[in-house]
Each structure stands twice: as C-alpha cells, then as structure tokens.
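Have a look at the model below, and then let us walk through its strands, its helices and its nonpolar cores together.

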Amino acid sequence: MSSQNDTLRIRSLTASDRAAWQDLWASYLAFYESSVSTEVYDTTFSRLLGDDKRDYSCFVAELEGTLVGLVHFLFHRHCWKIEDTCYLQDLYAHPNVRGRGIGAALIKAVYDAADQAASPSVYWMTQDHNVTARKLYDQIGQLSPFIKYQRP
C-alpha cells in the first residue's frame, strides 16, 4: 500500500526499516512513560513482518526517504458482529513533522486496509489529556462513550 502527498509516502513495514521503526516506537512508548525489553522489540518486529493473521500489521510514513511515523493495527473477531473489527493500537508521528497530515494519512491507510478486509469498524484509544492527538481524532473519528478498565 502506498500513498503520495508531496514527498510523503505511506507503505508497509519492511525488514530494512528495523532501526528507524524501533526509534519511532521507542519515542511513542516514552511519550506514554513506558518502555519494553529488547525481546519485546525483537518479537514485535518479527510479528509485524510475519504472515500470521492474528498478529499486528504496520504501516510507516516516509518523508523524503526518512521514516517519520508508524501505525500498528490488528484485525480480530467481535462477538457482536460477523465481520472482523480493526484495532489501531499505536499511532506516532515524530514531533518535528506533526501538523503535516502524517497521522491522518496513517489512519486513512488503516481505514483503507480495513475496507479491503471487509472490516468496516476501526477503533482506537488515547489518553483523555492527549489534546494534540484528540484534535485529529475528533476530525477523523467518532468519540465513543466507553471507558477502559484493565486488570491491576
């Protein structure tokens, strides 16, 4: 999958993207005050490149030959629907390129992948205080009334 906008290209992750992908994902995790082990980086990258339909997929945003953004997403079954639904887990654009449509282009690429997979539902979560991202999400998505709980 590829999309052109000036010099912006949205495409699938490749094996040669490893270092740049890890730098972007590490920055994303740091934003959420989190980190993962080397084993998780290795396993996740391997899964992103694999062909197991249960694993996540990844699109990257490339600007003038440099990776500047990523999105991880997963198709899964839903008890209330026949078709799969799509969960967009991680979306990140480097701070130096924000405001240039990269986040929107990455979300649109996931929307397109969901349409191709006959999966009309795409959902994601963010922190309530992530004001910058929510400005984009309010334009491209619909806020749901659900509140997330998790095991302590």
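## A right-handed unit

A crossover counts as right-handed if, with the strands pointing away from the viewer, the path from the first strand over the helix to the second runs clockwise. With that in hand, and remembering that this is a predicted model, you can trace such a unit here: strand β5, helix α3 and strand β6 form a right-handed β-α-β arrangement. The helix in this unit, α3, covers residues 102-116.

## Strand β5 and its partners

Which strands does β5 pair with? One partner is β4 (residues 66-76), which runs antiparallel to β5 over 8 bridges. Within this pairing, H76 sits opposite T85 of β5.

The other pairing to look at is with β6, made of residues 122-123. Here the strands are parallel, and 2 bridges join them.

L88 belongs to strand β5. Is L88 buried or exposed? Its relative accessible area is 3%, and buried means under 20%, so L88 is buried. L88 is also 19 residues from I107 in sequence, yet their C-alpha atoms are 8.3 Å apart in space.

In soluble globular proteins, nonpolar side chains tend to be buried together. In this model, the largest nonpolar core holds 25 residues, and L88 is among those with the most contacts inside it, together with I10, F59, V71, I102, L106 and V110. Two or more residues of this core come from each of β2 (8-12), β3 (57-63), β4, β5, α3 and α4 (131-140). Which element gives the largest share? That is α3, with 8 residues. There is also a second, separate core of 14 residues, including L24, Y28, C58 and V60.

## How the helices cross

The axes of α3 and α4 come within 11 Å and cross at roughly 40°. The two helices are therefore oblique to each other, and their crossing is right-handed.

Helices α1 (residues 18-31) and α2 (residues 38-49) make another pair, with axes that come within 11 Å and cross at roughly 120°. At that angle, α1 and α2 are oblique to each other as well. α1 passes α2 in a right-handed crossing.

## Two loop residues with positive phi

Finally, turn to the loops. E33 is in the loop between α1 and α2. The phi angle of E33 is near 55°, a positive value in a residue other than glycine. How open is this position? E33 has a relative accessible area of 78% and is exposed.

In the loop between β3 and β4 you will find E64. Its phi is near 50°, again a positive value in a residue other than glycine. Is E64 buried or exposed? With a relative accessible area of 62%, where exposed means over 50%, E64 is exposed.

Methods. Residues numbered from 1 in each chain as written. Predicted model: local features only at pLDDT ≥ 70, side-chain atom pairs only at ≥ 80, totals over all residues. Heavy atoms only, no water. Pairing = 2+ DSSP bridges. Helix = DSSP H or I, 4+ residues; strand = E, 2+ residues; numbered from the N terminus. Core = buried A, V, L, I, M, F, W, Y, C linked by side-chain atoms within 4.5 Å. Buried < 20%, exposed > 50% of the residue type's maximum accessible area, 1.4 Å probe, protein only. Axes fitted to C-alpha atoms, helices over the stretch in contact; angles between N-to-C directions. Parallel < 35°, antiparallel > 145°, perpendicular 65-115°, else oblique. Left-handed = near helix turned anticlockwise from the far one by under 90°.
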